[in-house]
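Thanks, everyone. Let me put the structure up, and then we'll walk through it.

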Amino acid sequence: MQGSTVNQGSELGYTEAHAPEAGHHGEHPDLRLFGFIVFLISESMLFLGLFVAYFTFRAVATSWPPVGTPDLEILLPGINTVILLSSSFVIHNADTAIKKNDVAGFRLWFLVTMAMGATFLAGQIYEYAHLEFGLKSNLFASTFYVLTGFHGLHVLVGILMMGTVLWRSRQEGHYSSEKHFGIEAAEVYWHFVDVIWVLLFTILYIL
Amino acid sequence: MAQAELPRQIPLDPLGEQEQGPNWREYFGFSTDHKVIGIQYLVTSFVFYLIGGVLAELVRTELATPEVDFVSRETYNALFTIHATIMIFLWIIPTLTGGFGNYLVPLMIGARDMAFPRLNAIAFWIIPPSGVLLLCSFFIGPASAGWTSYPPLSLMVNKGGEAIWIAGVILLGTSSIMAGLNFIVTILKMRIPSMPLMKMPLFCWAMMATSALQLVATPVLTGAMVLLGFDLLVGTAFFNPTGGGDPIVYQHMFWFYSHPAVYIMILPAFGMISEILPTHARKPIFGYQAIAYSSIAISFLGLIVWAHHMFTSGTPDWLRMFFMIATMIIAVPTGIKVFSWVATVWGGKLRLCSAMLFGMAFVSMFVIGGLSGVMVASVPFDIHVHDTYFIVAHLHYVLFGGSVFGIYAGLYHWFPKMTGRFLNEGWGKVHFVLTFVGFNMTFLPMHVLGLQGMNRRIAEYDPQYAGINMFCTIGSYILAVSTIPFLFNAIWSWSQGEKAGDNPWNSLTLEWMTTSPPPVENFEEDPVLVSGPYDYGHTYYQDLEDKAIAQS
């Protein structure tokens with residue numbers, strides 16, 4: 001009734017960056033970031049499920065961690081946490097840079113973030129290697145490895161995402177102040193991985 | 001008054017003479033057209049339906065007599081496990097969300113395609129390999145612990161098959177999440193500007209509620225599957241009591257998905273019925289807002305009722321009480337829908353075509369399944385009938401009497417849009433009668449069996465149940481035969497059926513405002529809404545009024 005002639009694209013701000021996704025299906029607004037955030041909501045439910053499972057195991061157990069489990073060393077994971085947390089601020093600089101059309105700047109900040117992520121992973125591998133319990137030692141050990149391992153996998157995926165974006169940025173003008181969905185997505189994802197780690201660190205090491 | 005007026009360059013083609021449909025080769029490739037993908041889903045999942053149906057007939061044949069005489073006990077366990085897995089993950093969910101959702105949602109909201117066409121295609125192409133993978137497990141001994149796959153049982157028998165089952169469920173879950181993501185974004189962001197949410201067809205509301213469930217609930221199942229996989233393949237003890245684990249945690253995680261999965265399997269059917277009944281009753285839908293909001297209410301409540309599957313799992317009393325009351329509350333929004341449908345049909349000028357027959361059968365059969373659902377929601381009653389044939393009867397009244405009748409109604413209703421041709425009505429009615437009679441013969445007596453105490457999931461039973469079981473088995477054969485007229489009808493009508501034209505049912509929703517089948521990108525020009533989706537009868541009363549004025 002209140003209709004007018006329709007062109008969604010022009011009304012809602014269609015960006016050319018969306019063209020490859022849309023294929024031959026013509027114009028519509030760039031919904032990729034919205035879709036990506038919806039995906040992360042779904043992904044957070046995976047972690048929520050595992051967290052709640054952890055708390056249930058813990059609530060049901062007579063002693064937690066089970067008697068005889070060596071204490072977790074907190075210094076190294078603490079340093080790791082600081083590194084990962086600060087990397088969230090670092091990656092934000094990449095976003096600021098590309099909004100000023102500064103491709104070299106965004107590349108630099110992405111490289112720094114990747115290096116910090118890699119340091120985190122290396123720290124985690126070091127921790128794994130020096131822990132006195134293995135995956136099958138007891139229920140606490142199993143949940144510890146699966147939760148941190150799952151998170152580590154997400155860190156790795158984040159690093160690969162940034163690597164992909166860097167690889168694509170070789171092409172002149174692939175990312176600019178107007179179109180930089182890849183950079184935004186990698187950043188949002190990295191923040192997500194960061195938040196999950198803060199929760200995980202609190203649950204496993206502090207509580 | 002038509003809902004949309006399409007300014008067209010080409011003249012309207014009332015009989016759909018020109019062939020607009022995609023080339024048949026497209027159906028076998030990686031197409032990003034939502035209409036092609038929708039039909040890919042429908043056909044693929046129907047094939048799995050037939051396979052799952054064969055498994056069900058084998059189960060019923062074994063149960064025809066009290067002794068174990070047709071298949072071994074081990075095979076029997078595998079048969080009902082894979083039957084349920086196929087029917088849920090490869091038939092009802094892909095057909096309703098992937099098939100009808102894909103085909104109809106973009107058309108109904110006036111969009112040219114889904115928000116993410118390639119993601120859409122990937123979501124579909126995960127399904128055939130997962131299904132084949134699951135079926136291949138028959139070569140090494142398939143999962144046999146029931147579709148619920150409760151540990152520690154699932155960790156003890158047919159480990160290879162169980163591993164394949166876990167992999168299959170994770171893959172199908174991933175596909176389901178991708179589809180849900182696509183629908184949410186499409187429905188929220190790609191409606192034509194003249195269509196606010198409250199003018200959206202009710203099927204889209206239902207799909208929105210369904211997608212929310214897919215997104216929120218499925219990842220938890222994935223988490224459960226990962227932990228179960230570690231227990232099975234690595235030897236951890238998350239769910240294994242011998243290693244200090246807790247099998248109840250698995251049940252919670254499993255049902256946190258699998259109860260909402262029931263709503264994933266019924267909400268889209270609710271949506272389709274809300275389209276079909278008003279169209280063929282020629283009346284506006286009764287209580288548009290009530291039906292729309294009740295979909296959202298069901299979606300939310302569906303997330304907090306899961307432990308009613310676990311009343312006999314040592315669930316503490318206060319928790320049982322909470323889940324019992326929450327479950328019964330779900331009957332309220334569901335009842336709102338049922339009463340609205342009855343009020344829609346009430347006093348209408350009914351067109352008793354096959355689509356309408358299946359639609360009305362849906363309402364009546366679903367009411368039976370819904371009422372037995374309220375019965376088993378009550379803790380004392382549930383403890384009595386838990387794991388008996390009463391539950392089998394209840395779930396089949398919901399998933400067959402509900403979902404499958406809804407799917408058939410949808411197929412008869414939208415087949416003309418998808419192919420440009422009608423399904424044959426005569427054979428459609430034969431199909432309907434056979435399905436309705438066969439279904440009720442198979443499942444109605446199971447209520448009695450369950451109340452008498454016959455356990456499910458066991459190949460042999462007490463001889464006192466023999467008579468009723470034989471009756472059920474005969475009913476199931478009628479049900480099997482009922483698919484034959486439909487199958488041939490669909491194949492024949494696709495190329496030879498009576499031409500339908502663009503809008504054979506005089507429907508008002510947007511999918512009927514384009515050609516049948518619709519062209520690539522759906523509309524020649526973007527449609528504009530000029531009336532609500534269910535404003536039936538207005539022209540009729542308008543005409544009467546005009547006549548009265550003219551006569552005076």
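Let's start in a loop. Pro152(B) sits in the loop between α3 and α4 of chain B. Helices here are DSSP runs (H or I, at least four residues), numbered from the N terminus. Pro151(B) and Pro152(B) are joined by a cis peptide bond, with omega about 0°.

Before going on, the ground rules. This is a predicted model, where local features need pLDDT of at least 70 and side-chain atom pairs count only at pLDDT 80 or more, while totals for chains, interfaces and linings use all residues. Residues are numbered from 1 along each chain as its sequence is written, chains are lettered from A and ligands numbered from 1 in the order in which they are written, and side-chain values use heavy atoms, with hydrogens and water left out.

Chain A has a cis peptide bond too. That one joins Trp64(A) and Pro65(A), and omega is about -10°. Pro65(A) is in the loop between α3 (32-60) and α4 of chain A.

Stay with α4 of chain A. Lys99(A) and Asp95(A) form a side-chain salt bridge, 2.9 Å from N to O. The cut-off is a side-chain nitrogen of Lys or Arg within 4 Å of a carboxyl oxygen of Asp or Glu. The two residues are four apart in helix α4 (residues 75-99) of chain A, so about one helical turn separates them. Over all chains, the structure holds nine salt bridges.

Now the side of chain B that touches chain A. Helices α3 (117-136), α4 (159-189), α5 (202-234) and α6 (247-281) of chain B each supply at least two residues. The largest share, 10 residues, comes from α5(B). By class, this side has 32 nonpolar, nine polar and 10 charged residues. Ala, Val, Leu, Ile, Met, Phe, Trp, Tyr, Cys and Pro count as nonpolar, Asp, Glu, Lys and Arg as charged, and the others, Gly among them, as polar.

In total, 51 residues of chain B contact 37 residues of chain A. Contact means heavy atoms within 4.5 Å.

Last stop, chain B again. Asp387(B) has phi near 60°, a positive value in a residue other than glycine. Asp387(B) is in the loop between α10 (379-385) and α11 of chain B. Where α2(B) meets α11(B), the contact has 15 nonpolar, five polar and one charged residues. Among those in α2(B) are Trp91(B) and Phe100(B); those in α11(B) include Leu411(B) and Trp414(B).
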